[in-house]
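I opened this entry to record what I looked up in the model. The notes follow the order in which I consulted it.

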Amino acid sequence: MTKPKHHIFVCASFRMNGTPQGVCAKGGSGQLLQYLQEELNERGMADVAVSSTSCLRVCDRGPALIVYPENWWFGHIDGEQAIDAVIDSIESGTPSAQHSIT
Ligand code: FES
């Protein structure tokens, strides 16, 4: 196994306590996972891993995801254009200002 160069963690709204259907899941983060993986494959970005994760505690900006090791936090990832902006960020090395959580 080769360690990924980048790792995208997509909030799936899991919570230790309480409802698992939080803001990000209701906002379609689960459905965007497939597009995210397909787009990475299409761009030949095999060194980028994708995982779903629990609530990132930025629910008011969901759907949310984070990119490591850059420690970039992105919010309002609510469609394919937003996913494209995240992937563009990784390719260019500059985080999308439109979706960055600062
Ligand atoms: S449910 Fe996604 S950040 Fe809280």
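I began with the pairing of β3 and β4 (residues 72-74), which run antiparallel and are joined by three bridges. Strands here are DSSP E runs of at least two residues and helices are H or I runs of at least four, numbered from the N terminus; two strands pair if DSSP finds at least two bridges between them. I noted that I66 stands opposite W73 in β4. β3 and β4 form a hairpin with three residues between them. In the turn, N71 has a positive phi of about 60 degrees.

I recorded the origin of the coordinates: this is a predicted model, in which local features need pLDDT of at least 70, side-chain atom pairs count only at pLDDT 80 or more, and totals for chains, interfaces and linings use all residues. Residues are numbered from 1 along each chain as its sequence is written.

I then followed β3 (residues 65-68) to its pairing with β1 (residues 6-14): the two run antiparallel and are joined by four bridges. I8 has V67 in β3 as its bridge partner.

Next I listed the elements. The protein has three helices and four strands, in the order β-α-α-β-β-β-α from the N terminus. The radius of gyration, taken over C-alpha atoms, is 13 Å, close to the 13 Å from the globule rule (2.2 Å times the number of residues to the power 0.38) for 102 residues, so the protein is as compact as a globular protein of that length.

I turned to the largest nonpolar core, which has 20 residues. Such a core is a set of buried Ala, Val, Leu, Ile, Met, Phe, Trp, Tyr and Cys residues joined through C-beta atoms within 7 Å. C11, A64, L65, F74, I77, I83 and V86 touch the most other members. β1, α1 (23-26), α2 (29-42), β4 and α3 each supply at least two residues of this core. For A64 I noted contacts (C-beta atoms, placed from the backbone, within 7 Å) including C11, C24, L56, W73 and I101.

Is H99 buried or exposed? I found H99 in the segment after α3 (80-92). H99 is buried because 22 other C-beta atoms lie within 10 Å, the cut-offs being 20 or more for buried, 12 or fewer for exposed, and partly exposed in between. H99 touches F74, G75, H76, I77, A82, A85 and V86, not counting residues up to four places away in sequence. The C-alpha atoms of H99 and G75 are separated by 5.3 Å, although 24 residues lie along the chain from one to the other.

Note on methods:
Two residues are in contact if their C-beta atoms, placed from the backbone, lie within 7 Å.
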